[in-house]
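Trainee: Could you walk me through this one? I'm new to it and would like to start with something I can find by eye.

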Amino acid sequence: MEQRIGSSSQPLEGAGFDPAFIPGLTSPASGREVDAKAKTDEPEDTAPGTAPEQDATPEPEAEQEPGAEAAPEEDVAPDGPVFEASDRRARIVADHSGVRLRLDDQECEFRWDEIGAVETETARFGKRWTVTVHTPDSRWYPLEIEAPSRSRFAEWDTALDAVLDEYFEDDAGESTEDAEAAESTEDDAGK
């Protein structure tokens, strides 16, 4: 009779074991692979233990106008509304680029075209305010934030609605105000 040595179980896959399994849950990989590849592509003309030769002529530096400074790498945020709420563990930021959720050391970012809906909910008792981001592929990402007081719920709802009205485009074709206006005119015509 033959016996195998070692484990016969297969490795588990899924979001519980690999956060990169869910798109948007982790940040994209940095240019580490590109940097490593660039370092290996450099030719090594010198033998180990000898210093590389240096050219006698230094490379000319790029000329820059005296008053001009280098442009910042990050794009400048437009003058639109921004919503931020946080507690000791959780944080939500909604601005021109999308919605970012953070809980402890985990963070996920959603662009506006990746979002199907954003839902808020308040706890019946206590000071918990829940924001849930729904994606078009039927996934949802809830985040609970503890408010300093229950009066902050209304402020946060108003501020988040202002950001959603500015940046979130509803694909239904009609806004809720247009739908309500059309419904009221149908009710008036039916009477």
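**A hairpin to start**

Mentor: Strand 2 and strand 3 are joined by a hairpin through two residues. Strands here, like helices, are DSSP runs numbered from the N terminus (strands are E, at least two residues; helices are H or I, at least four). This is a predicted model: local features need pLDDT of at least 70, side-chain atom pairs count only at pLDDT 80 or more, and totals for chains, interfaces and linings use all residues. Residues are numbered from 1 along each chain as its sequence is written, and side-chain values use heavy atoms, with hydrogens and water left out.

Trainee: How many bridges pair strand 2 and strand 3?

Mentor: Six, and the pairing is antiparallel, with strand 3 covering residues 98-103. Two strands count as paired if DSSP finds at least two bridges between them. To see one spot, look at Ile-92, which stands opposite Leu-101 in strand 3.

Trainee: And what do strand 3 and strand 4 form?

Mentor: A hairpin, with two residues between them. Asp-104 sits in that turn and has a positive phi of about 55°. Five bridges join strand 3 to strand 4, and they run antiparallel. Arg-102 has Glu-107 in strand 4 as its bridge partner.

Trainee: What is the strand order in the open sheet of four strands?

Mentor: The order is 1-2-3-4, with antiparallel pairing. Strand 1 (83-86) and strand 4 (106-110) are the edge strands, each pairing on one side only. Neighbouring strands of this sheet are turned by 5° against each other on average, direction ignored. As for angles, axes are lines fitted to C-alpha atoms (for helices, over the stretch in contact), and angles run from 0 to 180 degrees between N-to-C directions.

Trainee: How many bridges join strand 1 to strand 2?

Mentor: Four, running antiparallel, and strand 2 spans residues 90-95. Ser-86 stands opposite Arg-91 in strand 2. Helix 2 (residues 152-167) packs on the sheet, touching strand 1 and strand 2, and its direction makes about 140° with that of strand 1. Contact means heavy atoms within 4.5 Å.

Trainee: What holds paired strands together, in general?

Mentor: Strands of a sheet pair through backbone hydrogen bonds, either parallel or antiparallel.

Trainee: Moving on, which strands make up the open sheet of three?

Mentor: The order is 5-6-7, again listed with antiparallel pairing. Strand 5 (117-122) and strand 7 (140-146) are at the edges with a single partner strand each, so one side of each has no neighbour in the sheet. The twist averages 20° from one strand to the next. Strand 5 and strand 6 pair over six bridges in the antiparallel sense, and Glu-119 stands opposite Thr-132 in strand 6.

Trainee: Is Thr-132 buried or exposed?

Mentor: Thr-132 is buried, because its relative accessible area is 8%. Buried means under 20%, exposed over 50%, and partly exposed in between, with a 1.4 Å probe and protein chains only. Leaving out residues up to four places away in sequence, Thr-132 touches Ala-117, Val-118, Glu-119, Trp-140, Tyr-141 and Pro-142.

Trainee: What about salt bridges, how many are there?

Mentor: The count comes to 10. The rule is a side-chain nitrogen of Lys or Arg within 4 Å of a carboxyl oxygen of Asp or Glu. One of them links Arg-91 and Glu-84 at 2.6 Å, N to O. Arg-91 is partly exposed at 31% relative accessibility, and Glu-84 is partly exposed at 47%. Another joins Arg-100 to Asp-95 at 3.0 Å, and Asp-95 counts as buried because its relative accessibility is 10%. Glu-114 and Arg-111 also meet in a salt bridge, at 3.3 Å. Salt bridges that share partners join Asp-87, Arg-128, Glu-144 and Glu-146 into one network.

Trainee: What about the chain as a whole: how many helices and strands?

Mentor: Three helices and seven strands, in the pattern α-β-β-β-β-β-β-β-α-α along the sequence. Buried residues make up 18% of the 191 residues.

Trainee: What is the mean pLDDT?

Mentor: It is 73 for the protein chain, and 49% of its residues reach 70 or more. That score is the predictor's confidence in each residue, from 0 to 100. Over residues 172-176 the pLDDT is below 50, and this stretch has one contact in the model beyond near neighbours in sequence.
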